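Reader: I have the sequence and the model open side by side. Could you walk me through how the two chains meet, and how you reach each conclusion?

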Amino acid sequence: MSLTARHLEANGIPTVVMGCARDIVEYAGVARFLFSDFPLGNSCGKPGDLETQRGLVEMALGLLETAHAPRTTVQSPYRWAEDSSWKEDFYRLDLTPDQIAKAREEFDTQKAVLKDKLESSQG
Amino acid sequence: MSDNAPPQYICCRTEVALNVQHAGKPIEAVLDLPIRYIDRSRAYYLALGYDNPYRWAYNRDVPFVALSRPLTRSRVGLITTAAPFKPEAGDQGPWAPYNASAKFTEVYSMPIESLPDLRIAHLGYDRKHTSAEDINSYFPLQRLKEAEAAGRIGELNSRFYAVPSLRSQRLTTERDAPGILEMCRADGIDAAILVAT
């Protein structure tokens, strides 16, 4: 998504990226980035929560208006939860050999599906 | 070092400071830092036994252009990586596991009059803490319609755009981003909101 934003920006269309993976978006480098410190998949707010959804859209629009240089990141003030224990779970490394085998099998299966799709997409 | 030591003291030795775990927990959870997805995904796939971790896109220079008119008079476009629900492509519901079959492979656009049924089961989001049960948490169409109705933006474009997520930076850069630009130009988009998932 960052690469698409960069392409639009380079061709005269101002952009703002809403996202939850700060390092990935900033590594790619975008003009304006609204960062939510939420689990991946909630870039526009918490499920069923109008306050964060409305607040984040307003912040994204505000960023379009106020940023005056590239790589402007704004971090939203919203917290996902009182504590930060949710950050323990994504890509956990304390895996048993069984879990590793299962994860490998799943990854290989999904990778093959994607490869097929890419090949048919490219003709 | 005791597991009870305050986290700010874990950096007393270089090799400890470089360790991303503390007391068996990722350092971001201990210090409430943003998760370092690049580091973590590298560590994860190395732990699984793959020796060729994904190289995320990296750029030193970043293009920037200012709004050409106030937002209240701008036409705003919404860009997503979400996919239209495909009944034949397996589980795409809330809590669905990662499902590459549900991926789309070419840019598309759809009208915004009615809320489309878009899913994110084909994307690598946090399966433990994200239900994906509320489309508004990853596709802010209704919130942007409210902003339009309130006069906050001049106009929400009559269609939104979607860009595939195929783990190919070449396809995104050479094929898909130009495809999105072409549609934005055809519609006279003044500013774009892109949602990363």
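Author: Gladly! One definition to begin: two residues are in contact if their C-beta atoms, placed from the backbone, lie within 7 Å. Bear in mind that this is a predicted model.

Reader: What makes α3(A) and α4(B) meet, and which residues take part?

Author: From α3(A) come A:Q53, A:R54, A:V57 and A:L61, and from α4(B) come B:R143, B:L144 and B:A147. Those residues count as meeting because C-beta atoms within 7 Å define a contact. By class, this contact has four nonpolar, one polar and two charged residues.

Reader: Why is the crossing of α3(A) and α4(B) called right-handed?

Author: The crossing is right-handed because the near helix is turned clockwise from the far one by less than a right angle.

Reader: How do you know that strand β1 of chain A and β9(B) pair?

Author: Pairing needs at least two bridges, and four join β1 (residues 15-19) of chain A to β9(B), so the strands pair. They run parallel, and A:T15 has B:A192 as its bridge partner in β9(B).

Reader: How many residues are in contact between chain B and chain A, and which element gives the largest share on the side of chain B?

Author: In chain B, 79 residues are in contact with 71 residues of chain A. On the chain B side, α5(B) gives the largest share, nine residues. That side has 46 nonpolar, 18 polar and 15 charged residues.

Key:
Residues are numbered from 1 along each chain as its sequence is written. Chains are lettered from A and ligands numbered from 1 in the order in which they are written. This is a predicted model: local features need pLDDT of at least 70, side-chain atom pairs count only at pLDDT 80 or more; totals for chains, interfaces and linings use all residues. Ala, Val, Leu, Ile, Met, Phe, Trp, Tyr, Cys and Pro count as nonpolar, Asp, Glu, Lys and Arg as charged, and the others, Gly among them, as polar.
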